[in-house]
Amino acid sequence: MPILPKTSFSLSLFTTRAKSIPMRELAIFCRRASFLFGAGLPVKEAMPILAEQSKIENVVSDLHSMVMQGESFSGALRAAQVFPGFMCGYIAIGERTAQLPDVCERLADYYEARAQAEEELAAAMIYPVAVSVMMFGVIMLAITLVLPGYSRIFDASGVALPPFTSALLRFSNFVVANLLALIGFFFTLFLLAAIFFKSAVGLVFSAHVRLKFPIQKKSINCAIVRALHLLLSSGLTVAESVAMCSEVIENPVVQNDLTKISVQVSQGVTFWEALAKLTYINHMLTSLVRIGEDTGNLPETIAQCDAYFQAEYKHAVQRINKLIEPVITVVLGVVLAIIMIAIILPTFELATAV
């Protein structure tokens, strides 16, 4: 695959933010575009074919209309406002360098890899979430339906209850008596939390919190390395590549840091020194980037990092999946056991008294 020459660009080109098209659909779109452009079809003729049997047919039809009016392919993508800015900017580079089929193929590989990583993480979370929901439902049923019945039996018997059992029964009675109010309270709390986390302050706060989780750090490192691999192998400078990398990261804190690094590198700071200041960046990546810059083989070094980091991330997701299932089962099992013990012990006393 030929290497794209170095290209200059303006950061203002990469301002589009879009999340409406899934990664898998972006991969399919880019793959089909690569095949059609590689076969020699111009963009105007390829657009109707791309629209056929596509889940984004209406979007592609709008792209076709804009292209027929004289807009470039990348300009039409950007004007549609539903494609990632990273994709629009990278395709613009392909148009300038007459390497559009290769660029679309690389984008297809990139989005396929990202889609697979997201699907693997989502699949790993399905079972723990399902178990948690079911166990929470069982606990709520025990509190709202089972415990009130026992409360009436114990009250009628006059048997002295252990303090923990008494507290649990009082809690059950409180929940039953104020069920609607509690539902309204938690719904309001959820609504306020949703509004907060969509605000500018909330987005930054949640971004800092997510960076505390190791799996999120691995995910961000993987996304940065994969994007750098794609961009540096196309002949872009480090500063240009890092600036475009900020478009593929959804974390605003990381986006801001990458923008600062791009400016620092363009002013003469080495890439590895700028990376070393970020606590969430893997130390191995910083060390290998330093070696790559010292030897002049940074694109090759990043390519090796890409393969290693993707494999490490996949293994981390598998480990989390294996660990979280028994942990959730044990925790919720202990909660249920405590409830049952609180009921069974006074039941024995009641049977003895009878």
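**Entry 1: terms and ground rules**

Buried means under 20% relative accessible area, exposed means over 50%, and partly exposed lies in between (1.4 Å probe, protein chains only). I am working on a predicted model, where local features need pLDDT of at least 70, side-chain atom pairs count only at pLDDT 80 or more, and totals for chains, interfaces and linings use all residues. Residues are numbered from 1 along each chain as its sequence is written, and side-chain values use heavy atoms, with hydrogens and water left out.

**Entry 2: cysteines**

How many disulfides does the whole structure hold? I searched and found zero. A disulfide here is a pair of cysteine sulfur atoms within 2.5 Å.

I then looked up C30. C30 has a relative accessible area of 1%, so I noted it as buried.

Next came C245. It is in no disulfide either. Its nearest cysteine sulfur, that of C222, is 13 Å away. C245 counts as buried because its relative accessibility is 1%.

**Entry 3: nonpolar cores**

I looked for nonpolar cores (sets of buried Ala, Val, Leu, Ile, Met, Phe, Trp, Tyr and Cys residues joined through side-chain atoms within 4.5 Å). The largest has 80 residues. Which residues have the most contacts inside it? They are F29, F83, F86, M87, L107, Y111 and F271. Helix α10, residues 214–232, gives the most to this core, with 11 residues. Helices (H or I, at least four residues) and strands (E, at least two) are DSSP runs, numbered from the N terminus.

A second, separate core has 15 residues. M135, I139, L147 and L336 are among them.

As background, nonpolar side chains tend to be buried together in soluble globular proteins.

**Entry 4: a nonpolar surface patch**

I also checked the surface. F196, F197, V201, F205, V209 and F213 make a nonpolar patch of about 550 Å². Patch residues have over 30% relative accessible area and no salt bridge; like charges are joined within 9 Å, nonpolar side chains (Val, Leu, Ile, Met, Phe, Trp, Tyr) within 5 Å. A salt bridge is a side-chain nitrogen of Lys or Arg within 4 Å of a carboxyl oxygen of Asp or Glu. Areas come from the Shrake-Rupley method with a 1.4 Å probe; for residues, only the protein chains shown count as cover.

Two or more patch residues come from each of α8 (179–198) and α9 (200–210). α9 gives the most, with three. V209 is found in α9. Its 34% relative accessibility makes V209 partly exposed.

**Entry 5: F174**

F174 lies in helix α7, residues 163–177. Is F174 buried or partly exposed? Partly exposed, at 44% relative accessibility. F174 and I343 are 169 residues apart in sequence and 17 Å apart in space, C-alpha to C-alpha.
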